[in-house]
Amino acid sequence: MKLNILFAVAFSIFSVFAGAAGSGPEKFAQLGTALATPSETRLASGAPGPRYWQQRADYVIDVALDDERQKIVGSETITYHNDSPHSLHYIWLQLDQNRFRPDSDDVLTKSAPNFDKLPFRTMANLLKRREFNGGVDIVSLRTSDGAKLDYTVVKTMMRIELPQPLEAGQQFIFSIEWRHNIVDAVAIRARGGYEYFSEDKNYIYEIAQWYPRVVAYTDYQGWQNKQFLGRGEFTLELGNYEVSITVPADHIVAATGVLSNADDVLSKAQLKRYRKAQSSTELGFIVTPDEASENAKNRSRRSKTWKFKADKVRDFAFASSRKFIWDAQTAPSGSNKVLAMSFYPNEAEPLWSQYSTAAIAHTIDLYSRYTFEYPYPVAISVNGPVGGMEYPMISFNKPRPYGDATYWDERQKSGDKTWERSKYGLISVIIHEVGHNYFPMIVNSDERQWTWMDEGLNTFLQFLAEQAWEEDYPSRRGEPEKMVEYMTSATQVPIMTNSESIHQFGNNAYGKPATALNILRESIMGRELFDYAFREYAQRWMFKRPTPADFFRTMEDASSIDLDWFWRGWFYGSEHVDVALSEVDLYQIDSRDPDVEKAWQRKEKDKLAATVTQQSNQGTEYLVDQEPQLKDFYTDFDEFEVTPYDYAEYEKYLKSLTDRETVLLNSDLNFYAVRFTNLGGLVTPLPLRITYADKKNEELIIPAEIWRSNASEVIKLLITEREITSIELDPYRSTADADTYNNNWPRKPKTSRFQLFKEKESPNPMRRSDKDQWEKPTL
């Protein structure tokens, strides 16, 4: 720290703020043309406008599950409502199962794996993909009066040629028959499929993206035309579903919507338990573990049809198995009562009966606080082969214990796949996938284009739910410090990048936006303003389709805080936070009192150690000592001795001051000029903890706008009555600062530990050839 005296108070204070122009104006420029131009469809406030519209598609589906051949055979009638102001000449459908065709873009664009160390699982996946006969077989396509419709399949899309243009406000009804093989989701990474249990020769089926679905037609893009490559998820229309699922009679089915024929498919005991669960907040079994075990031993040759009805949903998924345990309880969401249910095999115990349905209920409670009351009648978690996938009212979640019923808690790790066998891995994935009911199932964003709009917002709420579960919950994402490694990496792209072009997908689309929102809530807007604005966004866009601009504008509109600089840096850029507290200068007022100031000057000079030369020359007899005639007034002159002139000048100065100036001159204050250097490029608030000589602390947050004139370097003036002994930047690691060791004044040493180890020597070829030293393995 440098100590300076202010000879001209006003000049010195203003000079602290002076600085060369930098990139600040660019960092704080309005997003402008980066956002779509507001209209009466989407308002500048971020709300849907009076002319907002979206399409609707209603489905009546009959599907049969072939448990012998692992196939789906189905038919559907779609009623497509053209609520747009446009005339349509064709309708596009998604054939997602065509992703598994050998000539699909997903297969043909897959890059080679790293052969230096290839896992068995990856090898099995590569070979299984070559063998699997995937893709949708369209059997027929007809109008409501039975006339054939022409169609063209374009990879994972199918265009239906309309007999005549579908005008605004009209609807078109057509029917499709189709079939496809079900993918082995254990061998091939997929969002749905089957898991085979060799011990009892049974299957769990988790069926998703299984029927031809209408492509979204929107005001901002027209027909969604991005092919399904496996990563970018879905852009779908809301509608009503009536689905009949025919399965072996001993199967238990979980699905989107409400079971409408429980009397036909459940035993009397199960039906009684099912009805009790609908009004009980205590967990109870509908299918008990013993019943599931007994059920798995049989092979019914009969079939049952389970019927489900779901309104205002954008998709439909189901799961089926004779291995399922089924538990349930009622979970309140405001004035709504939600039936929370879990379906899982005995292999999932003891984790699932203890945590799955509890996690569903907790998610609904927590998410509803920050968004809206859960509007659907059920919420389901299913254990099976799919790691974690979400659909309206139902989710697929993979984690289960090892075969000996042991599991990890996720705090101790033995590899990347530990979460699949961990308590917290299970709780977190259920919170996340059930949470997706809010984003994007209800707030119906475009996953194919902007993954972060559902994954990022959902991961943020997941973090809040996890932290409300128990103290020190080991959340993988949410805390700013956990994003540092990613944000300083070379292979990253902006959050706004299209789903299929993202590097480090999980960090980019899940972790970074969740971290950004956490920082926005805790360090920029504050919880009250953030929560109000976030809730406003969620409620504005319930059952509608928002874009990023709608989110950005709503958060500003509902909080009255200009956040364009934040969206620009965090969502449109790839810089990171690294601010160095690089220098501290102390300025104090020069009182002009010669007795005070010259004594201070003497003290400052005495602080300086003698130079090496001065030390070496001590005891030397100098020439002026040998020849005294060489001495004069200045030989023994004391520059710090107060002279009559000094007193006269001081008195003259005092007489020139006004009363107000005299008060200012006598201000016993410290002026600390604290220099911050932006090494990472991303502008950020500056949270400070200041410690004084009396050991007391003070905390303050300097808003990010301090960088608005110069984003490279700023100097903040702190005026104090007490002496500052230390300043710490970002003491609670709340900004994702990449290097915390340059955040302290005075500097603190970097601390670390190192291990000692013994070097191992491999046996040489002669020793390896010695038969007496090595036993031949018995295979």
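## A tour of the chain and one of its sheets

Start with the charges: the chain has 92 positive and 112 negative ones, and their mean positions lie 8 Å apart. Keep in mind that this is a predicted model. To see these charges, select Lys and Arg as positive, Asp and Glu as negative.

Now show the whole chain as a C-alpha trace. Along its principal axes, the trace spans about 125 × 85 × 50 Å. The radius of gyration is 35 Å, whereas a compact globule of 779 residues would have one near 28 Å.

Next, colour by burial. Of the 779 residues, 51% are buried, with the cut-off at under 20% relative accessible area.

Turn to contacts. Among those with a separation of 6 or more, 74% link residues 24 or more positions apart.

Go to cartoon view. The chain carries 22 helices and 31 strands. Four of these strands deserve a stop: E28, E27, E30 and E31 form an open sheet in that order, with antiparallel pairing. Select 697-702 for E28 and 744-745 for E31. These two strands stand at the edges with a single partner strand each, so one side of each has no neighbour in the sheet.

Which residue in E28 is the bridge partner of arginine 689? Glutamate 699 is.

How values were computed
Residues numbered from 1 in each chain as written. Predicted model: local features only at pLDDT ≥ 70, side-chain atom pairs only at ≥ 80, totals over all residues. Heavy atoms only, no water. Pairing = 2+ DSSP bridges. Helix = DSSP H or I, 4+ residues; strand = E, 2+ residues; numbered from the N terminus. Rg over C-alpha atoms; globule rule 2.2 N^0.38 Å. Buried < 20%, exposed > 50% of the residue type's maximum accessible area, 1.4 Å probe, protein only. Contact = heavy atoms within 4.5 Å. Charge placed at Lys NZ, Arg CZ, Asp CG, Glu CD.
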